[in-house]
Amino acid sequence: MSVRTLAWIPILCIFVGVVFANRTYPIVLGMPFLFFYMVACIILTSLVMAIVYALDPANRKGE
Amino acid sequence: MTSAPLVIIAVTIAIAFVLALLSRAKKRMDLEQWAVGGRGFGALFVFLLLAGEIYTTFTFLGGSGWAYGTGGPAAYILAYGAVAYVLSYFLLPPIWRYAKERQLLSQPDFFTAQFGSRVLGALVAPGSTADSWLSSRTSS
């Protein structure tokens with residue numbers, strides 16, 4: 001299984017997880033929960049893609 | 001006094017002109033240099049360009065108005081940026097490698113080379129021009 005499969009995590013969080021985050025309360029860090037959830041998804045996307053980039057063999061070869 | 005803006009504009013143009021002449025002296029200038037910076041942009045520079053690219057008038061004016069008007073649904077603005085970069089991770093490096101091998105400069109060049117059809121390249125040209133023009137004004 002390729003490390004690239006990890007890219008499904010943010011995709012699923014954004015497209016499927018958002019259904020369960022569709023609420024206003026609790027307010028987190030001053031943001032309605034849905035908004036906080038999307039911000040968290042973006043940070044998660046960065047983290048996951050950084051891991052994929054670091055471990056993907058396609059990026060090993062000098063380009 | 002009222003001519004101060006004109007003076008500033010004229011001085012800016014003059015400086016840009018002199019800089020352009022100076023840059024010509026040291027480097028060969030051709031279409032490749034103009035279109036893709038001689039393929040010499042580093043990762044950090046491209047990162048900053050992309051960061052600048054996604055913040056447009058829509059981000060500051062359209063997005064906030066949209067959020068004020070519709071509420072929750074405006075959160076999609078955050079979502080599609082993230083999803084676009086996930087997809088780009090898979091789409092763009094192969095295109096970049098392909099274009100670098102064949103010394104392609106633009107999107108129409110890519111379609112012409114990939115599908116062996118100059119007609120398709122010519123069809124893509126107005127579309128990609130319109131897209132880059134419109135997206136620089138409207139998208140987030």
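This is a predicted model: local features need pLDDT of at least 70, side-chain atom pairs count only at pLDDT 80 or more; totals for chains, interfaces and linings use all residues.
Trainee: Let's start with chain A. How many helices and how many strands does it have?

Mentor: Glad to begin there. Two elements of chain A that touch chain B are α1 (8–20) and α2 (33–55). Counting elements over chain A gives zero strands, and the number of helices is two.

Trainee: What share of the residues in chain A is buried?

Mentor: Buried here means that 20 or more other C-beta atoms lie within 10 Å of a residue's own. Chain A has 63 residues, and the buried share of them is 17%.

Trainee: Which helix of chain A gives the most to the side that touches chain B?

Mentor: Start with the contact itself: 14 residues of chain A meet nine residues of chain B. Both α1 and α2 of chain A supply at least two residues of that side of chain A. With nine residues, the one that gives the most is α2(A).

Trainee: And how many residues on that side of chain A are charged?

Mentor: The side of chain A that touches chain B holds twelve nonpolar residues and two polar ones.

Trainee: Which residues of chain B belong to the largest nonpolar core?

Mentor: This core has eight residues in all, including C13(A), I14(A) and F35(A). α2(A) gives the most to this core, with four residues. From chain B come A75(B) and A82(B).

Trainee: How far apart are the end C-alpha atoms of residues 31–55 of chain A?

Mentor: That stretch is one that UniProt, in an unreviewed entry, gives as a "transmembrane region". In the model, residues 31–55 of chain A are 92% helix and 0% strand. The end C-alpha atoms are apart by 34 Å.

Trainee: Turning to chain B, why does α1(B) lie largely in the open?

Mentor: Helix α1 of chain B covers residues 4–26 and reaches 34 Å from its first C-alpha to its last, close to the 33 Å expected. α1(B) lies largely in the open because, of its 23 residues, the number buried is zero.

Trainee: Last one: at which residue does α4(B) bend?

Mentor: Helix α4 of chain B spans residues 57–70 and reaches 18 Å, close to the 20 Å expected at 1.5 Å a residue. α4(B) is followed by G71(B), which has a positive phi near 75°. The bend in α4(B) is about 30°, and the residue is G63(B).

Conventions. Residues are numbered from 1 along each chain as its sequence is written. Chains are lettered from A and ligands numbered from 1 in the order in which they are written. Two residues are in contact if their C-beta atoms, placed from the backbone, lie within 7 Å. Ala, Val, Leu, Ile, Met, Phe, Trp, Tyr, Cys and Pro count as nonpolar, Asp, Glu, Lys and Arg as charged, and the others, Gly among them, as polar. UniProt positions are given in the numbering used here, feature names are shortened, and annotations may be inferred rather than shown by experiment. The expected span of a helix is 1.5 Å times one less than its number of residues. A residue is buried if 20 or more other C-beta atoms lie within 10 Å of its own, exposed if 12 or fewer, and partly exposed in between; C-beta atoms are placed from the backbone. The bend at a residue is the angle between axes fitted to the seven residues ending there and the seven starting there. A nonpolar core is a set of buried Ala, Val, Leu, Ile, Met, Phe, Trp, Tyr and Cys residues joined through C-beta atoms within 7 Å.
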